[in-house]
Amino acid sequence: MLTEGKVIWMDGKLVPWGEANVHVLTHALHYGMGVFEGIRAYQGADGGAIFRLPEHTRRLFDSAHILGLKMPFSQDEINRATLETVRANGLSACYIRPIAFLGYGAMGLYAPQNPVNVSIAAWPWGSYLGEEGLSKGIRVQVSGFVRNHVNSAMTRAKVAGYYVNSVLAKMEAKASGYDEALLTDTSGFLAEGAGENLFIVRDGVIHTPVPTAILPGITRDSVMILARERGYTVVERPITRDELYIADEAFFTGSAAEVTPIREVDHRVIGSGKRGPVTEVLQNAYFDCVNGRDPKHKGWLTPL
Ligand code: PPE
């Protein structure tokens with residue numbers, strides 16, 4: 001059960017948490033036509049701040065554009081509303097969930113006149129894959145479920161309906177005793193976790209799948225920048241399953257998952273079976289950034 005907050009921003013105003021409801025015939029509930037974001041705010045040295053807020057808002061609008069949803073607000077308005085929501089809930093470190101979806105009106109697939117509703121919620125959310133996962137690494141299963149073909153899911157959009165695929169993979173992995181699922185694309189190359197991007201390290205070089213059948217994560221982007229600043233070579237290329245098995249290190253990135261080491265895949269130990277040295281450097285770099293300890297990237301923080 002999540003930790004409830006006080007208010008949720010709905011279509012321009014803050015409403016009490018318990019009254020933030022929609023009609024059961026909301027179009028998106030039936031057909032998946034919603035786009036969302038996952039953002040974190042942190043309590044840093046200089047106070048609370050939201051990590052890469054404009055980039056997340058921009059992706060929300062890109063996602064809506066890809067689906068042909070007309071956003072009834074500007075990006076500036078959503079940025080301000082996000083700050084307002086976190087402040088009104090008295091939160092600093094929290095997870096933020098903006099969502100825009102095709103609302104109530106006509107039923108049936110073609111409902112171009114239905115309103116696009118926008119909501120923003122925030123609540124405290126601890127480590128996504130466990131505190132122990134962050135320090136010791138998690139166990140991952142390459143999924144029997146496959147990411148949708150690039151013409152079935154346009155993955156630069158973070159679409160509610162796409163997550164059926166992720167939820168099925170996650171349920172399968174958990175039922176098999178793993179922490180998380182890793183999905184391949186339709187060609188069999190590694191794509192991404194159920195809710196994270198993948199990185200592998202071999203001989204000091206960092207590799208990550210090409211952004212075709214994946215959501216190109218904002219954490220992925222941040223980690224690539226931080227890695228290159230530290231002198232690492234980062235290569236985006238198609239990666240096979242056996243390359244992961246023989247990697248020295250592997251880790252997941254995501255707003256929720258942050259930087260989570262992978263210690264085992266399909267019953268094979270990855271590297272030393274614990275958080276690797278490169279993973280540790282990048283995890284520390286990431287946490288320094290989000291907590292306001294990296295002067296170079298203060299620009300990634302929007303103070304609360
Ligand atoms: N791939 C997928 C499929 C994905 O869902 C996420 C985020 C990422 C990559 C990483 O993207 P970014 O957050 O921009 O670095 N997953 C979100 C949802 C998690 C959830 O369970 O809900 C998140 O991390 O907020």
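1. Is Phe-251 buried or exposed? Phe-251 counts as buried because its relative accessibility is 0%, where buried means under 20% relative accessible area, exposed means over 50% and partly exposed lies in between, with a 1.4 Å probe and protein chains only. The residue is found in strand β14, residues 249-254; helices (H or I, at least four residues) and strands (E, at least two) are DSSP runs, numbered from the N terminus. Leaving aside neighbours within four places in sequence, Phe-251 is in contact (heavy atoms within 4.5 Å) with residues including Asn-197, Leu-198, Phe-199, Val-201, Val-223 and Leu-282. Phe-251 and Phe-199 are 52 residues apart in sequence, yet their C-alpha atoms are 5.4 Å apart in space.

2. On the basis of the note: this is a predicted model, in which local features need pLDDT of at least 70 and side-chain atom pairs count only at pLDDT 80 or more, whereas totals for chains, interfaces and linings use all residues. Residues are numbered from 1 along each chain as its sequence is written, and side-chain values use heavy atoms, with hydrogens and water left out.

3. The largest nonpolar core has 30 residues, a nonpolar core being a set of buried Ala, Val, Leu, Ile, Met, Phe, Trp, Tyr and Cys residues joined through side-chain atoms within 4.5 Å. Val-35, Ile-50, Ile-78 and Ile-96 have the most contacts inside this core. The elements that give two or more residues to it are β4 (39-44), α2 (53-67), α3 (75-88), β6 (94-102) and β7 (116-123), and α2 gives the most, with five residues. A second, separate core of 23 residues includes Val-201, Val-223, Met-224 and Cys-289. In soluble globular proteins, nonpolar side chains tend to be buried together.

4. Val-35 deserves a separate look. Not counting residues up to four places away in sequence, Val-35 touches Leu-60, Ser-63, Ala-64, Leu-67, Leu-69, Pro-98, Ile-99, Ala-100, Lys-158 and Val-159. Among these partners, Leu-60, Ser-63, Ala-64 and Leu-67 are also listed as buried residues of α2.

5. The 15 residues of α2 should span 21 Å at 1.5 Å a residue, and the end C-alpha atoms are 21 Å apart, which agrees; the expected span is 1.5 Å times one less than the number of residues in the helix. The buried residues of α2 include Leu-53, His-56, Thr-57, Arg-59 and Phe-61. After α2 comes Gly-68, whose phi is positive, near 75°.

6. Thr-57, in helix α2, counts as buried because its relative accessibility is 2%. Its side chain makes a polar contact with the side chain of Asn-79 at 2.6 Å; a polar contact is a pair of N or O atoms within 3.5 Å, and within protein one must be able to donate a hydrogen and the other to accept it, while residues adjacent in sequence count only if both atoms are side-chain atoms. Not counting residues up to four places away in sequence, Thr-57 touches Gln-75, Ile-78 and Asn-79.

7. Ile-78 and Asn-79 are among the buried residues of α3, as are Ala-81, Thr-82, Leu-83, Thr-85 and Val-86. Helix α3 has 14 residues and reaches 20 Å from its first C-alpha to its last, close to the 20 Å expected at 1.5 Å a residue. Thr-82 is buried, with a relative accessible area of 0%, and, leaving aside neighbours within four places in sequence, is in contact with Ile-50, Leu-53, Ile-96 and Ile-120. α3 is followed by Gly-90, whose phi is positive, near 65°.

8. The ligand is surrounded by 21 residues, the closest being Tyr-95, Tyr-128, Tyr-163, Glu-192 and Thr-219, where a residue is near a molecule or strand if one of its heavy atoms lies within 4 Å of it. A polar side-chain atom of Tyr-95 lies 2.4 Å from an oxygen atom of the ligand, and a polar side-chain atom of Thr-219 lies 2.5 Å from an oxygen atom of the ligand. From Ile-218, a backbone N or O atom lies 2.7 Å from an oxygen atom of the ligand.

9. A search of the whole structure finds zero disulfides, a disulfide being a pair of cysteine sulfur atoms within 2.5 Å. The sulfur of Cys-94 is 18 Å from the closest cysteine sulfur, in Cys-289, too far for a bond. Cys-94 counts as buried at 2% relative accessibility, and Cys-289 counts as buried at 1%.
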